[in-house]
Amino acid sequence: MRIAVTGSIATDHLMTFPGRFADQLVADQLHTVSLSFLVDNLDVRRGGVGPNICFGMGQLGGNPILVGAAGYDFDEYRAWLDRHGVDTGSVRISEVLHTARFVCTTDKDHNQIGSFYTGAMSEARLIELKAVADRVGGLDLVLIGADDPEAMLRHTEECKARAIPFAADFSQQIARMDGEEIRLLLDGATYLFSNEYEKGLIESKTGWTDEEILSRVGHRVTTLGSRGVRIERAGEPAIEVACPEEEAKVDPTGVGDAFRAGFLTGLSWGVSLERAAQVGCMLATLVIETLGTQEYTLRRANFMERFTKAYGEEAATEVHTHLS
């Protein structure tokens with residue numbers, strides 16, 4: 001399967017302040033705040049839902065097609081993704097804007113002050129999927145992830161017009177979208193991804209019941225945190241897959257992206273929905289044990305050992321054939 005993943009491309013600049021923000025604030029001067037914090041360290045991490053998902057797919061041996069917009073400072077990030085099996089040939093490079101950036105400082109009480117710079121992400125709305133499909137010889141599935149809202153709507157409309165199967169995955173953008181936009185983005189999707197909270201928010205904002213949504217999408221995939229994932233289809237019994245045992249819980253950032261990477265890769269292998277979800281849960285477990293969304297290493301022997309322990313010999317034999 002040729003799978004394109006659309007979504008934000010960003011870098012995170014994370015700093016730590018050894019004191020407390022509260023100690024620096026003067027109650028009667030909050031209308032004229034002017035502060036500068038001397039921080040202890042700077043951690044720059046690669047991020048964005050598009051690259052996070054594509055990185056995971058590349059780790060599993062796939063060749064995902066990243067679709068999004070980045071700035072003229074993207075060269076190093078592009079080289080990293082290229083080395084890890086990601087096709088970056090359809091990334092639009094802005095001539096005037098930097099790659100989207102999240103800058104955040106955390107104090108000793110874990111309070112945070114952060115800013116998100118949209119930057120080149122706003123140009124994702126200028127990308128046409130037909131050009132992507134022509135370059136790679138057609139598309140079998142497009143995951144439409146959190147991105148510039150206009151880009152998400154354009155990609156969805158184009159998939160429908162060109163009869164390209166698509167997966168709807170609003171994640172962070174669902175909070176700013178209204179019911180009409182969400183209805184447009186999910187109606188006709190082959191897969192609808194969300195977590196449990198987002199599932200309720202989708203129903204609340206659209207005014208559609210769970211049954212009505214299931215009648216409009218092929219599969220509803222709901223991640224359940226530590227309880228794994230549930231996959232629902234109209235008129236079919238739900239499929240539920242548990243998570244493997246964690247060796248540590250280091251950082252939950254990017255876990256949902258990793259699940260999607262494993263699930264989509266499983267689909268590209270042609271395995272069952274249950275098996276694809278198991279691959280997704282195993283990859284997500286590796287990410288929660290690592291600091292950073294693209295800092296884990298998939299060691300195949302270790303992956304298969306843990307996968308076998310979690311899901312049994314029969315499941316492992318089927319997956320091993322593709323992972324090898």
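Analyst: Welcome! A surface patch joins residues with over 30% relative accessible area and no salt bridge, like charges within 9 Å and nonpolar side chains (Val, Leu, Ile, Met, Phe, Trp, Tyr) within 5 Å. This is a predicted model, where local features need pLDDT of at least 70, side-chain atom pairs count only at pLDDT 80 or more, and totals for chains, interfaces and linings use all residues. Residues are numbered from 1 along each chain as its sequence is written, and side-chain values use heavy atoms, leaving out hydrogens and water.

User: How much accessible area do L25, L30, V33 and L35 have together?

Analyst: These four residues form a nonpolar patch on the surface. A salt bridge would need a Lys or Arg side-chain nitrogen within 4 Å of an Asp or Glu carboxyl oxygen.

User: Is L25 buried, partly exposed or exposed?

Analyst: L25 sits in the loop between β2 (10-16) and β3 (41-47); strands (E, at least two residues) and helices (H or I, at least four) are DSSP runs numbered from the N terminus. Buried means under 20% relative accessible area and exposed over 50%, with a 1.4 Å probe and protein chains only. L25 has 42%, so it counts as partly exposed.

User: Which residues does A4 touch, beyond those up to four places away in sequence?

Analyst: A4 belongs to strand β1 (residues 3-6) and is buried, at 0% relative accessible area. Counting heavy atoms within 4.5 Å as contact, its partners are I65, V67, L139, L141, V142 and L143.

User: How far apart are the C-alpha atoms of A4 and P165?

Analyst: Along the chain, A4 and P165 are 161 residues apart.

Conventions. Accessible areas come from the Shrake-Rupley method with a 1.4 Å probe; for residues, only the protein chains shown count as cover.
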